[in-house]
Amino acid sequence: MAHSVRRDAPELPDFSLLKRLARDQLIYLLEQLPGRKDLFIEADLMSPLDRIANVITLKQHDVDKLYKVEYKPIVSTSDQLCFLIRPRIKTVKWICDVVNTDKAFGRFRRYKIIFSPQKFYACENLLEEQGIFGDVTTDEWSFYLLPLDDDIISLELPEFFRDNFLEGDQRWVRTAGSALHLLHSVYGPFSKVYGIGRCSKMAYESWREQVEEGEQRARQAEIGNVFLIDRDVDLVTPLCSQVVYEGLVDDIFRIKCGCVEFGPDVTSSDKSIKVMLNSQDKVFNEIRNEHFSQVFGFLSQKARNLQTAYDKRSGMDIKQMKTFVSEELKGLKQEHRLLSLHIGASESMMKKKTKQDFQELLKTEHSLLEGFEIRECISYIEEHINRQVSMVESMRLLCLLSLTENGLLPKDYRSLKAQFLQSYGIDHLLTFSNLKQLGLLVEQQPGETLTVMESRVGKLVNDKTAGKLTDAFSSLSKKSNFRALGRRLNLVPKSDEEYDLRVPRDMAYIFSGAYIPLSCKLIEQVLERDGWTGLEEVTRMLNGHEFAVTGSNGSDARVKTDSQRIILVMFLGGCTFSEISALRFLGREKGLKFIVVTTAITNSARLLESMLDNHA
Amino acid sequence: MAFITANWNPLGEAFYRKIELYEMGWSLRDGLKECLVAAAPYGGPIALLRQPQRPSSSARPQLEIYSSSGVNMASFPEVVQNQVLEAKVFHSPYGTGVAIVTGASRFTLATNIDDLKLRRLPEVPGLQGAPSCWAVLTQDRQTKVLLANGADLYILDNTSCTPVTPPGLSPQACSIVNMAVSFSYKYLALFTDSGHLWMGSANFKDKLSEVDTKVRTPPKQMVWCRRPKSQQPSVVIMWDRLLLVAGECTDTIQYTLDEESVCVAELDGVRIVGGSRHELLQEVPSACQDIFKIASMAPGALLLEAHKEYEKSSQKADEYLREIKEQSVLGEAVRQCVEAAGYEHEPETQKTLLRAASFGKCFLSNYPPEPFVSMCRDLKVLNSVRDYTVGIPLTHTQYKQMTVQVLIDRLVYRKLYPLAIEICRYLKTPEYQGVSRVLKHWACCKVQQKEEPDESIAHAVSVKLGEAAGISYSEIAARAYECGRTELAIKLLEFEPRSGEQVPLLLKMKRSQLALSKAIESGDTDLVYTVVTYLKNEMNRGDFFMTLRNQPVALSLYRQFCKHQEQDTLKDLFNQDDDHQELGNFYVKASYKEKKLEARLSLLQSAVDEYNKARNEFAAKATEEEMKLLRFQRRLDEEKGEALLGLSLQETLHALLTSNFHKQAEQLYRDFRVPDKRYWWLKLTALAEKDDWEEMEKFAKSKKSPIGYLVCCLYNLYTKPFVEVCVKQHNKYEAKKYVSKVTPEQKVKAHLAIGDLEGAAEAAIERRSEGEISTVLSRCSPTTDRALLERLNRARSTAAKK
């Protein structure tokens, strides 16, 4: 596809350094427990660890056997056990059990716990309570950032969203601050920092504090501006169906740590294949940001090109053939393999998505975003629930309805909830309570009282006492104001115009031209205005907490070096591949490069699953 | 200038000089007679304990501390003496140590007085009372005591007592009366009753020399006088009226003493403190020797001469310079002058030498400026601390060894804040190590001034410290708190910009509420958690919960903790808050874990009660229904042997319908007011799954329309799903039965769904809908359905025309 790529797009900084740093530190920590040892790894640290140090590296540093933490009694025979875990109470408790069992059997071993990325007082406190504080040594592996791709860095903390926004547990804020600090000390100094959201502000402050404590070195900045954004500023975007290739792959196959497992239906063989999805994959790199409807055309063109390249052979003499085999063939074969995989994936997705019901689903979503034919949407959702199409999907539509309509009418609220419970089980009563608390699914408040409350809350929010807001107040203030924001920021293009998905004109292409993601629009606006001036109305509707601070090297910001055009966007609570695609588009348009740092890659399913509070 | 060498005395190859440092400012009636004197090295202060004239006098003697220039710095009543016969202070790698010998002839030592750990050394065989002399040695990071009992020498370490013999000690001696260990613990000097002085290495391997002093009386004091790179190390021996310097050569230098004096060993010489004077005895450094020795032709000496002539505007300057340059030793000359300046005590001499160096430098193109500049700086600092009012007679060598940091510390401990700050600023010490540190000390001292009110101290501190970087207000506040000034401490804490730093002290001061808010402000959840744990243990439960209630951040954190650790506390917490909604949720959650149905039902009943209290009718009703469903499921399980317990309503219905319990399903459908749409959908799915097409047909034909629904809506509903269900089960034949019942709008879709292209085309053409015709067209293949294609295309063009 034709992209007007500006020739002078700046080079991205080399983030593989982050991996090297993490690996060196891990090796150092492992060597702190000399001799052979068994390593227990927290399940969700396994994939990230694999990107940093493979099994061979670990074995080279005296790791004997590797186990996944499964919260069961262990079978290891080693005299030294090393645990590589997240600082979670549950895991620490399990380790306490392991140690205490050993004690009961009079077995002596050495234990070491490596917390990643940091330890919490609560964990150490638990060790103390369980009486094993003296038996274990603890360390921190400051592995804050995992580069997933040239322009995506993840903290791999999926629980950030629930902990921070639902439970009000701010322990990860400091982690985010430290991650920012790490980026700042390696790639900074930053010239300007913008942000919106309470968590962003706290992360920013935590980072500033760490900067002040440490020593500062003057360096050549590799990153210009930074934008911090809370996920709960924009909950609509992650709840929309993704239709850009990479997002769609994530929605359907679930990309895990930059890697996807294609099942037999894609590989057209009897086994599944794990594929790394990043810019190294030449085929993927060209289609990842495309609207799904364009992908097939692209892939068949690509297949034809490939055939031509293969066909070159026919007219070759021996010598040419030799160079062809040694130089081109391998690349072509590789490309061929990838191409067939992506074609397989596209076919499989086509089968799932181009059926009638997917079109209807998208139509409903677009109606919700545009705000018309709401009654039809509600009956569609009702049917969706009745037919038990998918629990998460039903919930997603309910939330989308509530967010775009500023809550459900009391009658609808009750009846839809009741039907949902009948379909998917009463235990979702607790899930609804969570959704309500987060403001994802709420009842419309009678008009007048709301405005009174709102103005009171508004005052409080601007006040320094914001921290003292009670839950009741904050849930009230979580009014989404989606319609008003949409009008103000032009998020929903007029539907009567044709939208050419082949040559997108704005970021709305990632949702088939129906909606410009609020998060990305905010970033665009703030960068354009160099601050929040002129967006007062918008920030008020988003509950404020916006900031714009000129950094230490702000004085030379006027010098437009390449690094000034590299923008780091940090999503606190996760971001979707669609948003990344939108930002890449924005970057191409404006001659900027965006680096996305996120607490985790999310999508509607992951976001909603983190809200569940049922049996499982 | 000419007299610089006047006080030089030769000793072997080297010269020794004695410089007057100060005239003592103290007024002692009898000089140092009847006084116990001790002095700290590196130009440190002097401690004086005047022996009482009459031992019976009731007045307790005063221990007085003077600066090296004899200015009184402090005095305290003497400490109570006990059984200690003699004590010696020494310096070990671990800090400053003390060794004592007790009345029972036992040695005890502590290697670091800041971290007092007493070590009792083993007994010395045959020792009665005090040994004739002893000293403390530090070798191989171990502290030992060397002692002499008559002619026998012993080394005492932690575990053993080893006799030793110094190599080549002259046999005339029958008793060792005095000994001295050098500053670096490398050399040892022994004085025997025969008047011989033995010098050698402290490990008894080598002997340096032996000198016969011809004095047989035991000396009062004996100290080493060495300097780094010493040419002629020597020992200074002091008797009542005589001071003798003995080196490796047989010569000695003798000075007469006209008053009681005390020798203090230094890194590069010996200080002699007398009642009226304070002098420094040292070997003349080679740089000074080269320059000032009479008729010296060393480069430095020539340069000095050249500069002297230059000042006189004499052309001889050029001659001297040319001579130096011919030998191309000008660089060396400058270096010598700079170095020598450092060794000179008189500012005038320093200046002369530095000027000469500067003069010489002009003729050098690339001489590095750093040594000269830093020497000028060092001397400026040294001269200012050598000032009579300060009284720290540091030499340049000592200063370099001791470092600026320590000097600043000493000035700070002596409360010479302005001087310390000035030095920091002059040397451009980084604020954090320099000015800020001094200011912090000042503030810590300031808060101890009891007479000043809190307000003014806090104000003074904030004004002075406002600009300085890296000040820890919490440390100052901690000091204030130690002095019992809690209010002041709190005031000072207000200035601390990092709220995290305030927390530990606030907790210590029992201001836990404030500590909690500050911890929250800091954004460090670990800190919040620390305070919460502290509060939990300190407060009674009610107060604790109340406190948390006002701090949502802490509350959420504690809730998270309870969720994992203490479920019951969580319940109490909600109870306290009258948070019935959360209590209801809590019971519901608890009910999941309960295996027994009765217990589960009772938990759910509690949840219902709480939801009612919370006025959440919806949740209450939903929970009640859940209970009803559970009971229903149990009954059916018991009666019919089904395994329904725990399924959702929909799943239960489905299970019932597939197992042909239509009556029970109907009952559930009515009892739970399941919407008709849903029920029909369920029933159809179940029937299709079972391939029970007969029953389905019956069901479709039954006109059991629910009241209140429009007929067309109904029609639409119960036919469309029929088609889909049948298609799903690949039963196109069955599906066809229902196509006719579909509403006109959906006919095309329905035909397509069962793969009936012609039917679809028929329907589309009938409806004259361009869109639908196109849909059908897209499904036609150009080879097999040619006739159909043509028809459709025709129909489309007519539809378009309209």
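User: Which rings count as an aromatic pair?

Analyst: Rings of Phe, Tyr and Trp pair if their centres lie within 6.5 Å. In this predicted model, the structure holds 36 aromatic pairs over all chains.

User: How is a pair of aromatic rings described?

Analyst: By the distance of the centres and the angle of the planes. Take Phe420(A) and Phe432(A): their centres are 5.1 Å apart, with 70 degrees between the planes, and the pair is edge-to-face. Planes over 60 degrees apart count as edge-to-face.

User: Where in the chain do Phe420(A) and Phe432(A) lie?

Analyst: Phe420(A) belongs to helix H18 (residues 410-424) of chain A and Phe432(A) to helix H19 (residues 428-438) of chain A, so the pair links distant parts of the chain, 12 residues apart.

User: Is Phe420(A) buried or exposed?

Analyst: Buried means under 20% relative accessible area. Phe420(A) is buried because its relative accessibility is 0%. Phe432(A) is also buried, at 3%.

User: Which residues form one aromatic cluster?

Analyst: Tyr121(A), Tyr529(B), Phe544(B), Phe545(B), Tyr558(B) and Phe561(B) do.

User: Where does the charged end of Arg227(B) sit?

Analyst: A charge can sit over a ring, as judged from the ring centre and the ring normal. Arg227(B) has its charged end over the ring of Tyr343(B), 5.1 Å from the centre. In chain A, Arg208(A) lies over the face of Trp207(A), 5.2 Å from the ring centre.

User: What does Arg584(A) touch?

Analyst: Leaving aside residues up to four places away in sequence, Arg584(A) touches Asp149(A), Asp151(A), Ile152(A), Glu246(A), Arg288(A) and Asn289(A). Arg584(A) lies in helix H25 (residues 577-590) of chain A, and counts as buried because its relative accessibility is 13%.

Technical notes: Residues numbered from 1 in each chain as written. Chains lettered and ligands numbered in written order. Predicted model: local features only at pLDDT ≥ 70, side-chain atom pairs only at ≥ 80, totals over all residues. Heavy atoms only, no water. Phe/Tyr/Trp six-rings, centres within 6.5 Å; stacked < 30°, edge-to-face > 60°. Helix = DSSP H or I, 4+ residues; strand = E, 2+ residues; numbered from the N terminus. Buried < 20%, exposed > 50% of the residue type's maximum accessible area, 1.4 Å probe, protein only. Lys NZ or Arg CZ within 6 Å of the ring centre and 35° of its normal. Contact = heavy atoms within 4.5 Å.
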